[in-house]
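Please find below a note for a colleague who is opening this structure for the first time.

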Amino acid sequence: MSQQVYQFSNTVIDKMKAYYANFLITPPQGALFRAKTNEAVITAYKSGKVLFQGASPEKAASLWTKDAKTASTQATYSNKAKTNSYTPSPQLFSSNHIGSDEAGTGDYFGPITVAAVYLTKAQISELKRMGVTDSKALTDLKIRRLARDIIQLNIPYALIALRNEKYNQLQKKGWTQGKMKTMLHHHAIQRLIKKIDQSPLDGILIDQFCEPVVYKKHLASEKEVLSPSTFFMTKAESYSTSVAAASILARTSFLKQMDILSEQTGITLPKGASQKVDQTAAVIMKKYGENRLTQIAKVHFANTKKAHAYLN
């Protein structure tokens, strides 16, 4: 288990506690709060220090490091730049490029959605002025508004949703979530390339969720190949406006699908994978039967098993 520690102001810690409201667990003595997500356990202390530990503490911390007193986004990129042939040059961020990102991967309810967005140099500046940034730093209301603005500008994009029933079928066939995401990104990017046709394209940037060699292996298993000038980068939405726009469109699509599923079930489906999610899954099983979950949830998540405890 790896860990990272940052120093934050009380204001930021209050924002963090509100953000993780659905993931809070009993904190240790001396702590302000503790939250448990799929990526990490986050513990905030009265001293202002926040400990991120678990499977992907750096990913969890990346939501907040821009507000940390000891963190520097630019330094983080500089330290990791040019580590391999799939690392983008900083010049790509201000060039004509495609960015892709996904939403819903850590949520028990709802689909996985992937968006790819193509921006020209001029459009990058325009979207920055609009406030397009990493969707994780925005409220859902702001995300929906920005998505509407992006679409009204007629910016080329492609969007794909992997609905729960198909997700569960693929998972039973042995597909990992990583392979599913790979194919979703690939198909969204290919659709967008066809859409923009002969428009100048300096590169493609994918918000990295696995090593490039693994990504290429997943593609090869389905007889697909990586497009030329494709790059991978963690936290890409913090640097590329194209990826940030893609994250906003993907998140908005996920939210819309959650609205539809909530209306169909007559139950407001919570996001994430918290105890509240377990309880909601149990309510759905009581009301509709367990088979209904295959249409609205990622049933291999531990939440399904935990929900059974509420049925006894």
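Predicted model: local features only at pLDDT ≥ 70, side-chain atom pairs only at ≥ 80, totals over all residues.

1. A307 touches D278, A281, A282 and M285, when residues up to four places away in sequence are not counted; contact here means heavy atoms within 4.5 Å. A307 lies in helix α12 (residues 302-308), helices being DSSP runs of H or I with at least four residues and strands runs of E with at least two, both numbered from the N terminus. With a relative accessibility of 0%, A307 counts as buried, a word used for under 20% relative accessible area, while exposed means over 50% and partly exposed is in between (1.4 Å probe, protein chains only). A307 and M285 are 22 residues apart along the chain, and their C-alpha atoms are separated by 8.6 Å.

2. Residues are numbered from 1 along each chain as its sequence is written, and side-chain values use heavy atoms, with hydrogens and water left out.

3. As for the overall form, the chain has twelve helices and ten strands. Its radius of gyration is 20 Å, close to the 20 Å that the globule rule gives for 312 residues, so the chain is as compact as a globular protein of that length; the radius is taken over C-alpha atoms, and the rule is 2.2 Å times the number of residues to the power 0.38. Along the principal axes, the C-alpha atoms fill a box of roughly 60 × 45 × 35 Å.

4. Buried residues make up 50% of the 312 residues in the chain. Among contacts between residues at least 6 apart in sequence, 69% join residues at least 24 apart.

5. The largest nonpolar core holds 62 residues, of which I98, Y108, F109, V132, I150, I248 and L293 touch the most other members; such a core is a set of buried Ala, Val, Leu, Ile, Met, Phe, Trp, Tyr and Cys residues joined through side-chain atoms within 4.5 Å. Helix α9 (residues 241-265) gives the most to this core, with ten residues. Leaving out residues up to four places away in sequence, V132 touches L127, L146, I150, T241, A244, A245 and I248. A second, separate core of 18 residues includes F8, A40, A60 and L63. In soluble globular proteins, nonpolar side chains tend to be buried together.

6. Apart from its neighbours within four places in sequence, H218 is in contact with T176, G178, K179, T182 and M183.

7. N154, in the loop between α5 (140-152) and β8 (157-162), has a positive phi of about 60° although it is not a glycine, and at 66% relative accessibility N154 counts as exposed. S229, which is found in the loop between α8 and β10 (230-233), has a positive phi near 55° and is likewise a residue other than glycine; S229 is partly exposed, with a relative accessible area of 43%.
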